[in-house]
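This report describes a pocket, a set of salt bridges and a surface patch. The sequence and structure are shown first.

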Amino acid sequence: MSLAARIADRVLGPRVPDAELPHPVPPGVVIRRNRLIPAIGGVFMGGGTKRAGAVTLGRTILFDADRPIAPDLIVHELVHVRQWNDDPLFPLKYCGQWLRHGYRQNPYEVEAYARQKEFAALQRKSAPARKA
């Protein structure tokens with residue numbers, strides 16, 4: 001393992017192997033387990049002490065190390081990966097929208113939550129029917 005990879009593992013947390021993910025992610029997207037960055041994200045989400053489920057930094061998604069990786073949350077965070085890719089100023093614009101609208105009404109979050117909700121609805125629709 002290279003020095004850079006060891007540093008990334010130390011700072012950003014261990015990579016989650018693709019085989020442990022509930023569904024594939026696009027090439028180049030890395031999913032890691034972390035406690036600190038989701039804790040910081042939780043402060044910005046609601047001002048409390050609850051950690052965020054995940055935080056996206058570029059093409060790296062940092063999931064809370066103490067929670068299962070939910071498929072719909074991967075979809076939510078992949079929207080943020082695309083937003084980072086589409087606009088190099090995304091982090092600044094995201095912060096500006098957060099200051100203006102708060103977390104839940106931030107247009108970037110509105111888009112991500114809408115995709116997450118669509119995905120969850122498709123999952124429910126395609127799930128096998130329960131026997132009574």
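## Salt bridges

Asp64 is buried, at 2% relative accessibility; buried means under 20% relative accessible area, exposed over 50%, and partly exposed in between (1.4 Å probe, protein chains only). The model is a predicted one, in which local features need pLDDT of at least 70 and side-chain atom pairs count only at pLDDT 80 or more, whereas totals for chains, interfaces and linings use all residues. Residues are numbered from 1 along each chain as its sequence is written, and side-chain values use heavy atoms, with hydrogens and water left out.

Asp64 is the salt-bridge partner of Arg67, with 3.3 Å between the closest N and O atoms. The term denotes a side-chain nitrogen of Lys or Arg within 4 Å of a carboxyl oxygen of Asp or Glu. Arg67 is partly exposed, at 30% relative accessibility. The structure holds nine salt bridges. In one of them, the closest N and O atoms of Asp66 and Arg35 are 2.7 Å apart. Asp66 lies in the loop between β3 (60–64) and α3, and Arg35 in the loop between β1 (30–34) and α2, so this pair ties together parts that are 31 residues apart in sequence. Helices (H or I, at least four residues) and strands (E, at least two) are DSSP runs, numbered from the N terminus. Both partners are partly exposed: Asp66 has a relative accessible area of 46% and Arg35 one of 48%.

Lys93 and Asp87 form a further salt bridge, at 2.6 Å from N to O. Lys93 is partly exposed, at 38% relative accessibility, while Asp87 is buried, at 19%. Through shared partners, salt bridges join Arg35, Arg51, Asp64, Asp66 and Arg67 into one network.

## The largest pocket

Rolling a probe the size of a water molecule over the atoms shows where empty space is left. A pocket is defined on a 1 Å grid over the protein atoms alone, as an open set of points where a 1.4 Å probe fits, with protein on both sides within 12 Å along at least five of seven lines; lining residues have an atom within 4 Å of a point. The largest pocket has a volume of about 760 Å³, the volume being the space filled by probe spheres set on the points.

Its lining comprises 35 residues, and Gly41, Ala54, Val55, Tyr94 and Glu109 lie nearest the centre. At least two lining residues come from each of α2, β2 (54–57), α3 (71–86), α4 (90–101) and α5 (107–126). Helix α2 gives the most, with seven residues. By type, the lining divides into 19 nonpolar, eleven polar and five charged residues. In this count, Ala, Val, Leu, Ile, Met, Phe, Trp, Tyr, Cys and Pro are nonpolar, Asp, Glu, Lys and Arg are charged, and the others, Gly among them, are polar.

## A nonpolar surface patch

Leu36, Ile40, Val43 and Phe44 form a nonpolar patch on the surface, with about 390 Å² of accessible area together. Patches are made of residues with over 30% relative accessible area and no salt bridge, nonpolar side chains (Val, Leu, Ile, Met, Phe, Trp, Tyr) being joined within 5 Å and like charges within 9 Å. Accessible areas come from the Shrake-Rupley method with a 1.4 Å probe; for residues, only the protein chains shown count as cover.
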